[in-house]
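Here is a friendly walk through one protein chain, meant to be read with the sequence and the 3D view open beside you.

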Amino acid sequence: MCDVRCAGSWKLEAGTEGVNVKSYRVAVIAGDGIGREVIPVGIDVIQKAATGSCALEFVEFPWGCEFYRRHRRMMDVDGLETLQGFDAIYLGAIGDPAVPDHVSVWELILPIRQRFDQYVNLRPMRLLPGVRSPLAGRAPADIDMICVRENSEGEYSGVGGRLHAGTQHEVAEQTSVFTRRGVERIAKFGFELASRRPRKLLASATKSNAMQHTMVLWDEALEAVAKEYGSVSWRKYHVDALAARMITDPASLDVIVASNLFGDILTDLGAAVSGSLGVAPGANINPERAYPSMFEPIHGSAPDIAGKGIANPIGAIWAGALMLDHLGATTAHDRMVSAIERVLAEDGPRTPDLGGRATTKEVASAILQTL
Ligand code: IPM
Ligand code: MG
């Protein structure tokens, strides 16, 4: 349930006579490509699921690569200040072949994650009933992992530069920044989560054999935090071995704690073994709730299928469920996830990435009806 730290004001929602429900303002950045196709249907499903639990006001911002083409920037000058006034951010996808990816990403997604101290990137990787994994012979019980990815520093610190650009002597440097505070807080979140899950297992992704500074600090911080969580069995794996284990023995994995880049790679792998990148959601969370958190499907803007109306909306819908959970509407979250599971398990419509022929809208309306 929602605790006292939740933002949002009390108000009476129309139609739920006598029941006080909280109301929240959500900033929507559908962004580019299929982001614009999955976010509108995601909003419909969220609105229906939230009825009776909380009242949501969605405010859309036209930011992204098309905005960039007109204004030479990805969002308004005071975009971050504007977003700060919201309770949550619902993001589609960013990226267009016409704008270099490092520009679009560093003017929108990464500044939001960093400025709003969304230091947890939470990514469930589950094989849902009715979905086929590319791994032979795996059932849903074999693939139920969740990645707790560090999301504010590490390899994505942005520190570095280029020297003698364009000459034969050109040098580029990209510095990883790991702080003890940064590693300890992500480790704590991971152990806390593992201690509340049935299997209570935690795997830490390291590479301290080769990276003797950053990753040795990572290991030391994990070891220190682990001492506070006696109920959790944990082990560290070098990230290469962990990637292999996700393929050969995913059933042995539960919570995975990883640095920013390692988590990025492992979660695409985890989404792929769970059947499709189109299904996987992500939550960029500021656990202290000092700033809005951001919820997005983990797939990108997919220019190759954009405009065809066949993008899988499930990643965006599941991300919306994570948003409701974060806002305290746990029941609404659970209803959304069950609706997704039922549509998939009962042979409902599915988009081409899952081997079907249905459109984005058909899948979303099947989920809406099941709600
Ligand atoms: C993700 C994406 C981003 C990341 C890109 C767009 C910068 O791949 O959310 O996983 O690497 O974090
Ligand atoms: Mg990624």
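The model is predicted, so local features need pLDDT of at least 70 and side-chain atom pairs count only at pLDDT 80 or more, while totals for chains, interfaces and linings use all residues. Residues are numbered from 1 along each chain as its sequence is written, chains are lettered from A and ligands numbered from 1 in the order in which they are written, and side-chain values use heavy atoms, with hydrogens and water left out.

Let us start with the overall layout. The domain assignment gives domain 1 (10-121 + 285-371) and domain 2 (133-162 + 171-274); such bounds come from an automatic or database domain assignment. Taken over C-alpha atoms, the centres of domain 1 and domain 2 are separated by 25 Å.

Where they meet, 11 residues of domain 1 are in contact with 16 residues of domain 2 (contact means heavy atoms within 4.5 Å). The size of an interface is often given as the accessible area lost when the parts come together. Here domain 1 and domain 2 bury about 1,100 Å² between them, with 55% of it on carbon and sulfur atoms; buried area is what two parts lose in accessible area (1.4 Å probe) on being put together, summed over both. Y119, N121 and I298 supply 46% of the area that domain 1 buries against domain 2, more than any other three residues.

What polar links cross this interface? The rule finds 6 residue pairs in polar contact between domain 1 and domain 2, both residues being at pLDDT 80 or more. A polar contact is a pair of N or O atoms within 3.5 Å; within protein, one must be able to donate a hydrogen and the other to accept it, and residues adjacent in sequence count only if both atoms are side-chain atoms. On the side of domain 1 that touches domain 2, helix 4 and strand 5 each supply at least two residues, and helix 4 gives the most, with 4 residues. Helices (H or I, at least four residues) and strands (E, at least two) are DSSP runs, numbered from the N terminus. The interface of domain 1 and domain 2 also has 1 salt bridge.

## An enclosed strand

5 of its 5 residues are buried, so strand 12 is largely enclosed by the rest of the structure. Buried means under 20% relative accessible area, exposed over 50%, and partly exposed in between (1.4 Å probe, protein chains only). In a regular strand the side chains alternate between the two faces of the sheet. Both faces of strand 12 are covered, with P281, A283 and I285 buried on one side and G282 and N284 buried on the other.

Which strands pair with strand 12? Strand 5 (residues 120-126) is joined to strand 12 by 3 bridges and runs antiparallel to it, with V120 opposite I285. Strand 13 (residues 293-297) is also antiparallel to strand 12, through 4 bridges, and P281 stands opposite P297 there. Two strands pair if DSSP finds at least two bridges between them.

## Salt bridges

The whole structure holds 19 salt bridges, each a side-chain nitrogen of Lys or Arg within 4 Å of a carboxyl oxygen of Asp or Glu. The table lists some of them.

| Pair | Closest N to O distance |
|---|---|
| E66 and R36 | 3.3 Å |
| R197 and D254 | 2.7 Å |
| R185 and D117 | 2.9 Å |

How exposed are the residues of these pairs? R197 is buried at 17% relative accessible area, and D254 is buried at 2%. D144, R197 and D254 are linked in a network of salt bridges. By contrast, E66 is partly exposed at 35%, as is R36 at 41%. R115 is partly exposed at 38%, and so is E81 at 45%.

## A buried serine

S301 lies in the loop between strand 13 and helix 9 (314-326). With a relative accessible area of 7%, S301 is buried. Its side chain reaches the backbone oxygen of G95 at 2.7 Å. Not counting residues up to four places away in sequence, S301 touches D32, G33, I34, A93, I94, G95 and A306.
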